[in-house]
Amino acid sequence: MTTASEFLIIGHRGAAGLAPENTLPSFRKALELGVDAIELDVYSIEGELLVFHDDTLDRTTNGTGEIQAQSLTSLRELDAGQGARVPLLEEVLDLVDGQVLVNIELKGPDTAEPVAARLGDWPSTRFLVSSFYHGELTRFHQLAPAVPTAPLFSKTHARMFDIAESLNAWSINLSRRITSSNLLAEIRRRGYRSLIYTVNDPEMARHLAADGASGIFTDYPDRCGRAALGL
Ligand code: G3P
Ligand code: MG
């Protein structure tokens, strides 16, 4: 059983169910709702870090095509929902201003180096850097060994704990689809936290807390917030 104060409520892409995902309004909403942390995804474009999830523009903006085929200028002109722009990482970090933990997910290629190079500019912000791309995350860990890391897993992986150990991981971040009581117990036994994505059902969130998970990523930090969960 995870105690309530340990169980982290992480706003997924800000508050993606309540405002356009990965935009400043979404992060503002998550902060208003009292999250413990926000999660965001980054791509590196022309040396700048852009906060964006997909490898194409179509689902979340009025643009089309691959993000990496566009210029930074044209990406910054897009409407990412309700008139919001695709933010730079630095704009989000300035907004957060150290109020909560920031989980940066390395989504695009070649993001380890620019992220490692920039985080020192926000000395009062606590970071967790994660990725499904364990090679990119390893590169980040080599460049910034003091910054906590978390490998992400969408499927069970025979080398899960080898990967976590090589990163000296702070947590192991898992899809709810592969989460089980046994796996959560094994993660704890080996000394890691477990953060579970994406949990939008309060009953599931309570069950995970009771089962010993360390926190959830949620699109709805209102209905899956600490108060709503009774934690
Ligand atoms: O980091 C948790 C979660 O964000 C991973 O999946 O696809 O939403 O980036 P995705
Ligand atoms: Mg993500």
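Two residues are in contact when they have heavy atoms within 4.5 Å. Keep that in mind as we look around this predicted model, where local features need pLDDT of at least 70 and side-chain atom pairs count only at pLDDT 80 or more, while totals for chains, interfaces and linings use all residues. Residues are numbered from 1 along each chain as its sequence is written, and side-chain values use heavy atoms, with hydrogens and water left out.

**The core**
- Ile38, Leu40 and Ile104 touch the most other members of the largest nonpolar core, which has 53 residues. (Such a core is a set of buried Ala, Val, Leu, Ile, Met, Phe, Trp, Tyr and Cys residues joined through side-chain atoms within 4.5 Å; buried means under 20% relative accessible area, with a 1.4 Å probe and protein chains only.)
- Skipping neighbours within four places in sequence, Leu40 is in contact with residues including Phe27, Val51, Leu89 and Ile104.
- There's also a second, separate core of 12 residues, with Tyr43 and Leu72 among them.

**The magnesium ion**
- Glu39, Asp41 and Glu105 coordinate the magnesium ion (ligand 2) at 2.0 to 2.2 Å. (Donors are N, O and S atoms within 2.8 Å of the metal, or 3.2 Å for Na, K and Ca; water is not among the atoms, so sites may look incomplete.)
- Along the chain, these donors follow the spacing E-x1-D-x63-E.
- Glu39 and Asp41 are both buried.

**Ligand 1**
- Glu39 turns up here too: a side-chain N or O atom of this residue is 2.7 Å from an oxygen atom of ligand 1.
- For Lys107, a side-chain N or O atom sits 2.8 Å from a ligand 1 oxygen.
- His12 has a polar side-chain atom 2.8 Å from an oxygen of ligand 1.

Definitions and conventions. Chains lettered and ligands numbered in written order. Polar contact = N/O pair within 3.5 Å; in protein donor to acceptor, adjacent residues only side chain to side chain. Buried < 20%, exposed > 50% of the residue type's maximum accessible area, 1.4 Å probe, protein only.
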